[in-house]
Amino acid sequence: MLREFETTFILQPEITEEGAKAINERLDSILERHGAHRLLCDDDGKRRLAFEIQHFQKGHYFTLHYFDGGKVVPELERALRLDESVLRFLTVRVADEVGDVEERKRLAAEEEKLRAERAAERAALEAQEARDREANGGRDRDDDRDDRDPDRDRDRDDRGRGRERDDDASDEDEEE
C-alpha cells in the first residue's frame, strides 16, 4: 500500500543554490534506494521565520512530496537531522492510500512545472529587491518600520506628571 508523504524542511538562508541542490539530490537518492516515488520538490524560497532558530531570522523553505509505504521516512529524517544546514524539518502523511499512482504523478509533474515558473518569478523579484536595497544604501525593507521604544512615550508622560507633582510640592513649601 502506497501512502503520500510531504516533508518540509528549512535550510539556512545563506546556503548557495548548489548546496540546496546537493541536499535535494541526496534526498532523491535516499528515495530511490528505498523504492519510494518522488513526486515533486517545491522551493518555497526564503521567508522570515516565526522565531529565531540558531541565530537565523530567515530560512529557505523546501517541500518534498513522495509516495512510499512509510519505511523511507526515518531515513529521510535521519539525513536531514545530520545535515548542519537544515534548521528544521517536518514530515506529514498526506494520504493514507493513493488510488491512481500514474495520474497523481502526471498531476505532480504539471504542478512542478508551474511551481518552477513561480520560483523563477520570485527569484527575479528577490533580485529586484536586492538591487533596490543597494540603491537605498543597504537598508532592508524591514528597517523601515517604526522601531521606537514603546516605553519612551510613557516615560515622557511620567516626567510631565512628575513635574506637576514637583510644582505642587514647591507650592506647599512656599506656603509654609
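**The helix pair**

Modeller: The crossing of H1 and H2 is right-handed. This is a predicted model.

Biologist: Which residues make the contact?

Modeller: From H1, the contact involves Leu 27, Ile 30 and Leu 31; from H2, Glu 75, Leu 76, Ala 79 and Leu 80 take part.

**The sheet and the helices on it**

Biologist: In what order do the four strands form the open sheet?

Modeller: The order is S2-S3-S1-S4, with antiparallel pairing.

Biologist: What makes strand S2 and strand S4 edge strands?

Modeller: Strand S2 (37-53) and strand S4 (86-95) each pair on one side only, and they are the edge strands. On average, neighbouring strands of this sheet are turned by 20° against each other, direction ignored.

Biologist: How do you know that S2 and strand S3 pair?

Modeller: Two strands pair if there are at least two bridges between them. S2 and strand S3 (residues 56-68) have eleven bridges in the antiparallel sense, so they pair by this rule. Arg 48 stands opposite Lys 58 in S3.

Biologist: Which strands does helix H1 touch where it packs on the sheet?

Modeller: Helix H1 (residues 17-33) touches strand S1 (3-11), S2 and S3, and its direction makes about 25° with that of S3. Helix H3 (residues 101-135) also packs on the sheet and touches S1, S2 and S3. The direction of H3 makes about 40° with that of S2.

**Charged pairs**

Biologist: Why is the pair of Glu 112 and Arg 38 called a salt bridge?

Modeller: Side chains of opposite charge can pair when their charged atoms come close. The closest N and O atoms of Glu 112 and Arg 38 are 3.3 Å apart. The cut-off is within 4 Å, so the pair counts as a salt bridge. Glu 112 lies in helix H3 and Arg 38 in strand S2, so the pair ties together parts that are 74 residues apart in sequence.

Biologist: What makes Glu 112 and Arg 38 partly exposed?

Modeller: Glu 112 has a relative accessible area of 26%, and Arg 38 has 32%. Buried means under 20% and exposed over 50%, so both residues fall in between and are partly exposed.

Biologist: Is Glu 102 exposed or buried?

Modeller: At 54% relative accessibility, Glu 102 counts as exposed, whereas Lys 105 at 28% counts as partly exposed. Lys 105 forms a salt bridge with Glu 102, with the closest N and O atoms 3.9 Å apart. Lys 105 and Glu 102 are three residues apart in helix H3, separated by about one helical turn.

Biologist: How far apart are N and O in the salt bridge of Arg 115 and Glu 111?

Modeller: The side chains of Arg 115 and Glu 111 meet at 2.3 Å, N to O. Both residues lie in helix H3, four residues apart, about one turn of the helix. Glu 111 counts as partly exposed, at 27% relative accessibility.

Biologist: Which residues do salt bridges with shared partners join into one network?

Modeller: Asp 28, Arg 38 and Glu 112 are joined in this way. By the rule applied here, the count comes to ten salt bridges.

Notes
Residues numbered from 1 in each chain as written. Predicted model: local features only at pLDDT ≥ 70, side-chain atom pairs only at ≥ 80, totals over all residues. Heavy atoms only, no water. Helix = DSSP H or I, 4+ residues; strand = E, 2+ residues; numbered from the N terminus. Axes fitted to C-alpha atoms, helices over the stretch in contact; angles between N-to-C directions. Contact = heavy atoms within 4.5 Å. Buried < 20%, exposed > 50% of the residue type's maximum accessible area, 1.4 Å probe, protein only. Left-handed = near helix turned anticlockwise from the far one by under 90°.
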